[in-house]
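Please keep the model in view while working through them.

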Amino acid sequence: KRHPIPIDFYFIVKCHRGVAPVPPQTFVYKSLTKNFCFFPNNTSGDTPMNLVTERLIIRELKMSDLDRFDPLANSDFVLKYLCMYRMDREGSRQYLQQMIEKQKDFAVALKDTDELIGKIHIDEDHLRYDVNSVDLAYWLGEEYTRKGYMTEALSAFIDYLFEERKYDAITAQALAPNTASRALLSKLGFVQEGYLRRAIKDNGVIYDNVLFSLLKEDKSKQS
């Protein structure tokens, strides 16, 4: 039996080491095309976060997300380019608990219903040394694709990373056949920096990996 892995693989193997909570303040931004707000709610020593866009909320994960997370995260569509093991419900529950504790994963939820439709992940940027940068990954349930949801979510989240977390660079990666993800990153202003051939083997298939980055000054020019 294949057991769920205890860490995120996404496009390359990474180890979770925790992320410092954001300050307990209220922030309001204006993105390129949407107004959105950041409403931390400091309740128990930690600082939950919410990014509210026109149609979405980007918030911390919670155990009540399990009923949506389990089928979406284990769908053929999401797993196709994610390099993750398929999990049973108990594996999904344990994995969700780990993500909540590590504070590196955020739910993309519908604003009207708070229903989870996808996820955003941040981690250390292992491609750079001693640079204030972060690695970004994401997925969206198949039925919610081609509606602009991830563009809307990432536009807000990228502004948050630059303006409030004060990162200077964001790295993202996509397997070469994942043309939708590559197109999304380009649309958001990411620049393709590299193409790693024969980078990842998953379920017997070897994939090339495409490397992207977005610098804070690049984002400023877009504004």
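1. Helices (H or I, at least four residues) and strands (E, at least two) are DSSP runs, numbered from the N terminus. The model is predicted: local features need pLDDT of at least 70, side-chain atom pairs count only at pLDDT 80 or more, and totals for chains, interfaces and linings use all residues. Residues are numbered from 1 along each chain as its sequence is written, and side-chain values use heavy atoms, with hydrogens and water left out.

2. The protein chain contains six helices and ten strands. Of its 223 residues, 50% count as buried (buried means under 20% relative accessible area, exposed over 50%, partly exposed in between, with a 1.4 Å probe and protein chains only). Contact means heavy atoms within 4.5 Å. Among contacts between residues at least 6 apart in sequence, 60% join residues at least 24 apart.

3. How do H1 and H3 cross? The axes of helix H1 (residues 66-73) and helix H3 (residues 89-102) come within 10 Å and cross at roughly 110 degrees. Axes are lines fitted to C-alpha atoms, for helices over the stretch in contact, and angles run from 0 to 180 degrees between N-to-C directions. H1 and H3 are therefore roughly perpendicular to each other (angles under 35 degrees count as roughly parallel, over 145 as roughly antiparallel, 65 to 115 as roughly perpendicular and the rest as oblique).

4. At this crossing, Leu66, Asp67, Phe69 and Asp70 of H1 meet Arg89, Ser92, Arg93, Tyr95, Leu96 and Met99 of H3. These contact residues comprise five nonpolar, one polar and four charged (Ala, Val, Leu, Ile, Met, Phe, Trp, Tyr, Cys and Pro count as nonpolar, Asp, Glu, Lys and Arg as charged, and the others, Gly among them, as polar). In H1, the buried residues are Leu66, Phe69, Asp70, Leu72 and Ala73; their cover includes helix H2 (76-79), H3, S6 and S7.

5. A nonpolar core is a set of buried Ala, Val, Leu, Ile, Met, Phe, Trp, Tyr and Cys residues joined through side-chain atoms within 4.5 Å. The largest such core has 36 residues, of which Ile120, Leu136, Leu154, Phe157, Ile158 and Phe190 touch the most other members. H4 gives the most to this core, with ten residues. Beyond its neighbours within four places in sequence, Phe157 is in contact with Met49, Leu51, Ile58, Phe106, Ile120, Ile122 and Leu136. A second, separate core of 16 residues includes Leu66, Val78, Met99 and Ala107.

6. Ala169 belongs to strand S8 and counts as buried, at 3% relative accessibility. Not counting residues up to four places away in sequence, Ala169 touches Asn132, Ser133, Val134, Phe162, Leu214 and Leu215. Ala169 and Lys216 stand 47 residues apart in sequence, yet 5.9 Å apart in space, C-alpha to C-alpha.

7. Which backbone angles deserve attention? Most residues other than glycine have a negative phi. Cys83, in the loop between H2 and H3, has a positive phi near 55 degrees; Asn203, in the loop between S9 and S10, has a positive phi near 50 degrees. Is each of these two residues buried or exposed? Cys83 counts as buried at 8% relative accessibility, whereas Asn203 counts as exposed at 59%.

8. Asp202 lies in strand S9 (residues 191-202) and is buried, with a relative accessible area of 12%. Leaving aside neighbours within four places in sequence, Asp202 is in contact with Cys83 and Tyr207.
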